[in-house]
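This briefing goes through a structure one topic at a time. Please keep the sequence and the model in view while reading.

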Amino acid sequence: MHKEIMEHNLNLNRRRFLSKLSLGIGSVALGSLLIPDLFGSKSDEEMLLAGLPQFAPKAKRIIYLFQNGAPSQLDLFDYKPKLIEMFGQDLPESIRMGQRLTGMTADQKKFPLAGTTFKFNQYGEAKAWISELLPHTSKVVDDLCFIKTMHTEAINHDPALTFFQTGAQVGNRPSMGSWLSYGLGSENKNLPAFCVLLSKGKGNGQGVYSKLWSNGFLDSVHQGVQFSSGDNPVLYLNNHESITKADRRKMLDKLEQLNAETFKQSGDPEINAKIQQYEMAYRMQTAVPEITDLSKEPEDIVKLYGPDCLVPGTYAANCLLARKLSENGVRFVQLYHQGWDAHDSLPSQIKGQAMDTDQASAALITDLKQRGLLDETLVIWGGEFGRTNYCQGKLTKDNYGRDHHPRCFTIWMAGGGVKPGVYGETDEFGYNIIKDPVHVNDFHATVLHLMGIDHEKLTFKHLGRRYRLTDVAGNVVKGIVT
Amino acid sequence: MQRWKTILYNASFTFNCMLVFLLIFESRLSLPAWIQTVGRMHPLLLHFPIVLLVLCIFWEVFSSLKNSLPNQQPTIGDTLLLLTSFTAVVSALMGLLLSKEAGYAQEVLALHKWSGVAVSFLSFAWYTFRHTIRHVKIVGILTATAAVFLVIVTGHLGANITHGENFLLAPVSKDKQAPPVLFEDAIIYANMVQPIFMAKCISCHNDKKAKGELVMETFAKLLKGGKDGALWDSTHKDLGLLMSRLHLPLDNKKHMPPTGKPQLTEDEVAIIYHWIRSGASDTVKVAQLPTTDTLRTLASSIFNTIETDDYAFKPADESKIKALRNNYRFVTPFALGSPALSVEFFGAAQFKSEQLKELLPVKEQVVSLNLNKIPATDADLATIAQFINLRKLNLSFTNIKGSGLAALNSLKELKILSLSGTGVHADNLTVLAALPKLTQLIIWSTPAQSQQLSALQKQFKNTRIETGFTGDTIIIKLTAPIIENEEQVVLQPVLLILKHYVKGVTIRYTTDGTAPDSLLSPVYKGDFLVDKNMTVKVKAFKQGWISSEVEEQTFYKAGYKIDSIRFVQPSPDMPYKTMSAAILADTQKGDQNFRSGKWIGYRGIPMQAMMYFEIPQSITSVTVSSLIDIGGFIMPPQQIEVWAGNHPAKLRLIKKINPEQPLKNAPGYMKGYELNFHTVKEKYLKVVVMPVAKLPVWHKGKADKGWIFVDEIFLN
């Protein structure tokens, strides 16, 4: 009897347990109907592994024409007749508002306003102001989106440049190109996803360092690959003289067998990654010389970019090379052109800089367009900050210098998903922003958005927290997106 | 407890009586301000009677159904009924007071009012006759049914008044799922302005609840305006009432929408502003505006253009996509979850037509195909024609000649077609005019580029034909040739090596110091030898280009090796004081930087270099290579002398020159001074270079001592 009662009680408990459990599970199941991606959904990091945009991208590739040293927006794009009118007068304190200056002009007793000595005209449907220094750019205005209200937090070159490239002023974070390589992978498996090209103008230069195209804490496959001018564009890529292509193939095959053996033992996925990288380098041995050979470019192209484009190492040659890399599926081509840091003799320095860059920058837009590639390529032109409206050093009628100015400067973008026109407004002194500011973080968020990535979702877990290019800030600038 | 019940019951009774009274004299009601506040608490209280009444119904129905189990706790049902009755009557009273405020549509309001009153009366009656009702089952059921019906009707009508009509069903009703308006079809009023009113204004300005007597539901009613008159006046400075209300500061009582309600964004205000300014039409389409119009720019961020698509086809199998992807063919969905595929081919050498055919299993899904620089031919177009959902097709620099283009007519969705760099002629293109959605056709660098373009453009009504850049009419300047000889000092005769990156240029050169001439100067053929001191000037020429700048290089011939060289007297100035004279015989030329360590400088005293030869050589000339930088006080030497002899103490003067002195400032340059004389064959040779003792009067350092800088001495 006792046994039956116990059994009954046990049954009862089991029944109660099961019924309660079914209720509990049922309620969870019901609730889950409202969370469609609760089951079978992937975490952000897993989604990233798919190497796909999170939503339909407007652009597939980026060419970033970085004007290193900070071009003067006041002599190129941001036309301020007030400065010409008040030439030589002191910058009103009501405008400067005691804002930070660099060590180079902080001791200056006076801040005489220096209006530009160059003539400006309006161009295109947007009636964008462009100075006479950029005759070629003014012809492609209808494809350009000018952001007149970029602003940054850094006031010196290195932190500002690092901030633009990596989203942080200190080093060691992954560069923009690395983030995109990480988020979207490579289109062309025979070339790196992130390539870097350097050139130098005659103006006062500021250094660029490989930390700017570093992969930071991301996997090293996302590092930018620097293409140098000359016979050996990618260092250590060519076979040694004594090794033939067949030998190399044989060596790689043997190496792969050995690696595969080790993989069987240890199961370390890095080994497979290594095998793939060797294979890619092997394919690059054919792909790179094909691309870097500029001698087959037709004469029309030479005239379009200017004859400098055939001289290795010039900005024009790099623009042409950038187009070739981009059309071959390189996700991110980063150019740096040095020499814009005109603290003195700005009028003569900027003339040379503009001469070096204007034609090729405009040519790149035209060239992409005539190949049907502009709508899927995002081209960005800009420096790390702007230059002051007052003169650094001695101001004369036709000579002046300008110091660093992080509070407003102009950059332009073109192509994939950006709306041509002029965005934002600065005050009549060209010192502060009065409408639609765009912070560097916003710029990054927008660029990622154009590539089909939600900047808050492109993250990487490192040192116990998730990092992203925009870190904890940034909003997509809707006004420049089509 | 009983006492409280009595009080509540009595209060209910009183309030119901009051309700009847107020209803009778409703038209004469006039409300003091504090009473208005009480009325406005109606939305707060009304939820109590609703919930309580529902509870009552359940309680009564269930307890009456369970006849076998006598009602254990009749007091619970009683208490519920009493509370219902009390809260219902208070809510009804407050509602009545609130209804006196302006802005509500009378029709719906009346229904709501009467049903609300009915709820109040019913609940009171239910409580009063609860014993009778419980006894007769049918009455109980009827009462409960009536209560359910009334509470639903009253609640729904009330919600319609507060939130606007159809608030409840809007998310599932059909208008919500209407297809998105395309940019091309958008009407400014209907698709830009009206939606703002609908989202931000309509809840207070609808037919039912017209605050300020303003109804914003239709264009006609907008035109009518409200209590304060017309909404806009495009002649007025601030464009009239609507704009000024929007622009008032948020804390101003008249600011619209009122504080606490969703505010208009900056863009929305701008849309309304520009719409009114342009005349506030209800028919003008966005596409009719000029391209620079602000409204048009604002619109472009709201509406999708044709480019964004909702794809009607199903996604392809993921494994299928993966299998198609290889090192030379990149097949990928547009984005996570997108059915559309983008295909790109790389590596011209790897291409075979089969690789296109392999894509046929996903032919429906391929929306973008890039064959840029791939040797695809007209025959391959038949395969491509089967990708019926293609939107973008890039055939630039393929081997297409144009005969197969007709096949592409099956691509009804095609929007962008690039044929740049192919062999297509204008005649080949006409077959494509039938493509319904083609917006962009790119034919740069094709035979078609220059053929009857206007005739072609006529056939393509909705297609923009891009012809790209042609360099034929552009004349630009060549870059200067590059002199590749790195050594400026030649020991043996060497070939001059010139280079130019532009194909087909002619390089001409001179050695006599004049600029090369396009007709007379010799053409560089690669066989010119540099065998003596000379300045080579080169210039590039090409038909259709502006000839280049002149590039020049000076070469020095060093015919003999100097066995030993020393200074008679070291330079008095640092750092030259400690420098060895050997640098004058190391064949290393310096550049324009006098600090490079390859130059030796003297000031005040002459530089005397004594050279010694083990075996005397026949020497006919001495060249002193020097630097001149007038601004830097470095002048041409005052005098150069060459002495020779068999003993250092017994030297004779062989030659002396006095270089020309400049008469004004000039940029820095390098110059070799050549001294020629009859053959000398001695053990010792001395070169004396004297700096100017006093800088000329026009110089900024006048009367100061001049410098000389020498990097090499060459003997021939």
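The model is a predicted one.

**Where the chains meet**

- Between the chains, 36 residues of chain B are in contact with 39 residues of chain A.
- On the chain B side, α13 (294–300), β1 (329–333) and β5 (416–418) each supply at least two residues.
- The element that gives the most to this side is β1(B), with three residues.
- Sorted by class, the side of chain B that touches chain A has 15 nonpolar, 19 polar and two charged residues.

**The sheet in chain B**

- Seven strands of chain B form an open sheet with mixed pairing, in the order β1-β2-β3-β4-β5-β6-β7.
- The edges are held by β1 and β7 (464–466) of chain B; each has a single partner strand, so one side of each is left without a neighbour in the sheet.
- On average, and with direction ignored, neighbouring strands of this sheet are turned by 15° against each other.
- β1(B) and β2 (residues 341–345) of chain B run antiparallel and are joined by five bridges.
- B:Pro333 has B:Leu341, in β2(B), as its bridge partner.

**Loops in chain B**

- The peptide bond from B:Met256 to B:Pro257 is cis, with omega near -15°.
- B:Pro257 sits in the loop between α11 (241–247) and α12 (266–277) of chain B.
- Another cis peptide bond joins B:Met574 and B:Pro575, where omega is about 0°.
- B:Pro575 belongs to the loop between β16 and β17 of chain B.
- B:Thr587 is also in the loop between β16 (564–567) and β17 (600–603) of chain B.
- Leaving out residues up to four places away in sequence, B:Thr587 touches B:Val489, B:Leu491, B:Ala558 and B:Glu712.
- B:Lys557 is 30 residues from B:Thr587 along the chain, and their C-alpha atoms are separated by 9.6 Å.

**Helix α9 of chain A**

- Helix α9 of chain A (residues 269–292) has 24 residues, which at 1.5 Å a residue should span 34 Å; its end C-alpha atoms are 33 Å apart, in agreement with this.
- The helix α9(A) bends by about 40° at A:Met284.
- Buried residues in α9(A) include A:Ala287, A:Val288, A:Ile291 and A:Thr292.
- Among the elements that cover the buried residues of α9(A) are β6 (225–227) and α11 (315–327) of chain A.

**Positive phi in chain A**

- A:Lys127 is not a glycine, yet its phi is positive, at about 55°.
- The loop that holds A:Lys127 runs between β2 (120–123) and β3 (128–131) of chain A.
- A:Lys127 has 12 C-beta neighbours inside 10 Å and therefore counts as exposed.
- A:Tyr236, likewise a residue other than glycine, has a positive phi near 65°.
- A:Tyr236 is placed in the loop between β6 and α8 (245–266) of chain A.
- With 7 other C-beta atoms within 10 Å, A:Tyr236 is exposed.

Key: Residues are numbered from 1 along each chain as its sequence is written. Chains are lettered from A and ligands numbered from 1 in the order in which they are written. This is a predicted model: local features need pLDDT of at least 70, side-chain atom pairs count only at pLDDT 80 or more; totals for chains, interfaces and linings use all residues. Helices (H or I, at least four residues) and strands (E, at least two) are DSSP runs, numbered from the N terminus. Two residues are in contact if their C-beta atoms, placed from the backbone, lie within 7 Å. Ala, Val, Leu, Ile, Met, Phe, Trp, Tyr, Cys and Pro count as nonpolar, Asp, Glu, Lys and Arg as charged, and the others, Gly among them, as polar. The expected span of a helix is 1.5 Å times one less than its number of residues. The bend at a residue is the angle between axes fitted to the seven residues ending there and the seven starting there. A residue is buried if 20 or more other C-beta atoms lie within 10 Å of its own, exposed if 12 or fewer, and partly exposed in between; C-beta atoms are placed from the backbone. Two strands pair if DSSP finds at least two bridges between them. Axes are lines fitted to C-alpha atoms, for helices over the stretch in contact, and angles run from 0 to 180 degrees between N-to-C directions.
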